[in-house]
Amino acid sequence: LSQDDPLTNLNTAFDVAEKYLDIPKMLDAEDIVGTARPDEKAIMTYVSSFYHAFSGAQKAETAANRICKVLAVNQENEQLMEDYEKLASDLLEWIRRTIPWLENRAPENTMQAMQQKLEDFRDYRRLHKPPKVQEKCQLEINFNTLQTKLRLSNRPAFMPSEGKMVSDINNAWGGLEQAEKGYEEWLLNEIRRLERLDHLAEKFRQKASIHESWTDGKEAMLQQKDYETATLSEIKALLKKHEAFESDLAAHQDRVEQIAAIAQELNELDYYDSPSVNARCQKICDQWDNLGALTQKRREALERTEKLLETIDQLYLEYAKRAAPFNNWMEGAMEDLQDTFIVHTIEEIQGLTTAHEQFKATLPDADKERQAILGIHNEVSKIVQTYHVNMAGTNPYTTITPHEINGKWEHVRQLVPRRDQALMEEHARQQQNERLRKQFGAQANVIGPWIQTKMEEIGRISIEMHGTLEDQLNHLRQYEKSIVNYKPKIDQLEGDHQQIQEALIFDNKHTNYTMEHIRVGWEQLLTTIARTINEVENQILTRDAKGISQEQMNEFRASFNHFDRDHSGTLGPEEFKACLISLGYDIGNDAQGEAEFARIMSIVDPNRMGVVTFQAFIDFMSRETADTDTADQVMASFKILAGDKNYITVDELRRELPPDQAEYCIARMAPYNGRDAVPGALDYMSFSTALYGESDL
C-alpha cells in the first residue's frame, strides 16, 4: 500500500476481498475516492461484510493454529533430527576422509615439498578445521536442543542412527585430533630431518667441491715425467716439492674421511639423493686411493732418478777433476810442441831434444789416463742406456767432451813427429851456425887487433917528430894505401857477418869482436888516417903561410906532446893553461888571469868543445909570433881601392880585383847606407868585419 495512492489501495483491497474472502465487490474505488462524502450505508454494509468474514474465520483459525502448532513442533523436531543426521553424517565423512590424509607419512625428498605439506597442514588448521569445529559444536547444541524439545513436548528421546551418536562423533573427533598431533609431530620431525639432510648434503657438496678442486690436475701432475729430463739440482727441488705435496696430501686425509662420514650419515638418514652422493663419494675415495698410489710411485721414481743422477753426478765430477788437468796437459803439450823455439847454440837444441824425449816417455802413462777418463764417460753412458735416463744436459762441471779429448790427443800424437823433425832440422841449423861463428871469429880475431895496431901506429906518427912534415905526410899516405888494400878482408868479414845475420845468430863465443865493432874501428881508422893526413897538410900550409921553420914546428910539437899527458892528441883547458905558463904567458890565478885565459880559449876553441887541437895550438902560437892580416888591414886595403871613400862600387871591384873574387865580394857586401852613399854603393867595412867575425885567427 502507498499513502500517496488511495485509489490503488482501495482497488487492491476490493480485489483481495473478492478473491480470498468471498466478499463481492460492492463499490467502485473511484466512487469512494471521487466523492467528498461517500454513501455511509453502503460503506457500513461493505465493512460489515468484512467483519463477518473475519469473525467466522478466527474460530477456524484457532483450531487450525492448535493443529499447526503441534504439527510445527513435530516438523521442527523432525527437521532437527534430519539436520543432525545430515550434519553428523557430513562431519563423520569429513573425519573419515581427513584422518587418512593426516596418517599419510610418505616423506618428501625436498625441504620445499615438506614446507608445502606443513603449509597445507596449517591451512587445514586455519581454514578447514575451524568450520568443522563449529559444525561439531552446532551438532551438539542441536542434539541437546532436540532432546529438550522432545522432553518438553512429551515426545520420546531422539536416538540417532547407529554410529552417529554424539559419543561416536566425539570418538571420531578424538581420533582426528590424535591423527593431527601425530601428523604435526611427523611433519616437524621430517622437516628437522630434511634440514639436517640439506645441511649434510650441502656440507658434503662443499667439501667434495673443495676436495675435487684441490685434486684437479693432481693426477696429471703426479704422472708427469719431468724428472726424466731434470738435472740433479732440479730433481732435488722436485723431491722437496713432492715432500710438500705429500704433507698437503696427508692434511687432506681428514677432509676425505669427513666426506665419507657425511655420505654415511646421509645414507643412514635415508637421503633421497643417496645414490649420487654415494657415487660422488666413491669417486672421491677411488681418486684418493689413486692419488696415494701415484704419490708413492712418483716418490719412488724421483728417489730412483735422484740416486742415478747422484751416481752420474759423481762420475761427472770425477770426469771433470781428471779431464781438466789432462786437458790442460794436452793444451800445454800442444803449445810446447807447436812453440817456435829460438835457440842459439847446439847446447840449447840438445837441451830441447832431451826434454822432448822425456816428454815422449810420458805419453804411455798419459794415454792410460785418457782411457781412464773416457772409461768414466762410458760408464755414464752405460747407466743412461741401462736405466733409460733421459739426460737433460751435459756435464755441469766441465765443458770438455770426450770428442775434444780424443781430438786433442790425436793432435798431440801428430805433433810429436813434427817436433822430432823440427828439432832435427834445428840441430843441423845450429851446427851450421856454429861453423859460421867459428869462421867469423877466426877472421874477426885477426882484423880487430890489426885495426887497433894501425890506430896506434898512426897516433905515434902524428905525435912523434921524425923527419919533416913532408916525410910524415908521405909516411901517412903509405899507411893509407896499405889500409885501403886491407879492405877486401873487411868485405869478406862483412859477407860472413851477413850469413850470420841471415842465420839469426846474435852471439859468438869464439870472439869478442862484433861486426859493429869492426865497422866502427875500420871507419875510425879511415877517419883517423885522413884526419891525420889533413892535419899534417894544414900544418904545412900554416908553416908555409906564416914562415914557421921546421925547428919551430918541432918545438911546438914537443911542447904540445909534453902537456898531452893522456896522449889523446888534444889538450884540455888545464893542460893548455900549463903549456901557456911554460911558454911565458902571464896567466895568474886571479880574476885578471882567468879573464885572459878565457880570451885565449875563445880564440883556440871558438866552438867551446873544451879541448885544443894541435892545429889550433899552431895557429895561436904562429899568430902570437908572426905578423898576420887583420880586419883593419883589410878595410884599409879596400879604402885604397875605393879612392879613400867609405864605400866601394861594383865597377871599382870588378876593375881592381880578379873576376871571381870581385863577384864574391859583390854577392856578399851589404848596401852602404851612409849620408854620402850613391846608387849601387857597397859597405866594405861591414864585409871586412864579417870576414873576421867568426874568428880572429
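**Helical segments, buried residues and salt bridges**

Over residues 1-55 the chain is 67% helix and 0% strand, with the end C-alpha atoms 24 Å apart. Helices are DSSP runs of H or I with at least four residues, strands are runs of E with at least two, and both are numbered from the N terminus. The model is predicted, so local features need pLDDT of at least 70 and side-chain atom pairs count only at pLDDT 80 or more, whereas totals for chains, interfaces and linings use all residues. Residues are numbered from 1 along each chain as its sequence is written, and side-chain values use heavy atoms, without hydrogens or water.

Thr-398 lies in the loop between helix 11 (363-387) and helix 12 (402-463). Its relative accessibility is 12%, so Thr-398 counts as buried (buried is under 20% relative accessible area, exposed over 50%, partly exposed in between, with a 1.4 Å probe and protein chains only). Thr-398 touches Tyr-319 and Ala-320, leaving out residues up to four places away in sequence; contact means heavy atoms within 4.5 Å. Asn-433 sits in helix 12. Asn-433 is buried too, at 3%.

A salt bridge is a side-chain nitrogen of Lys or Arg within 4 Å of a carboxyl oxygen of Asp or Glu. The count by this rule is 36. Glu-303 pairs with Arg-299 in one of them, with the closest N and O atoms 2.6 Å apart. The two residues are 4 apart in helix 9 (residues 274-338), which means a separation of about one helical turn. Glu-303 is partly exposed, at 37%, whereas Arg-299 is buried, at 15%.
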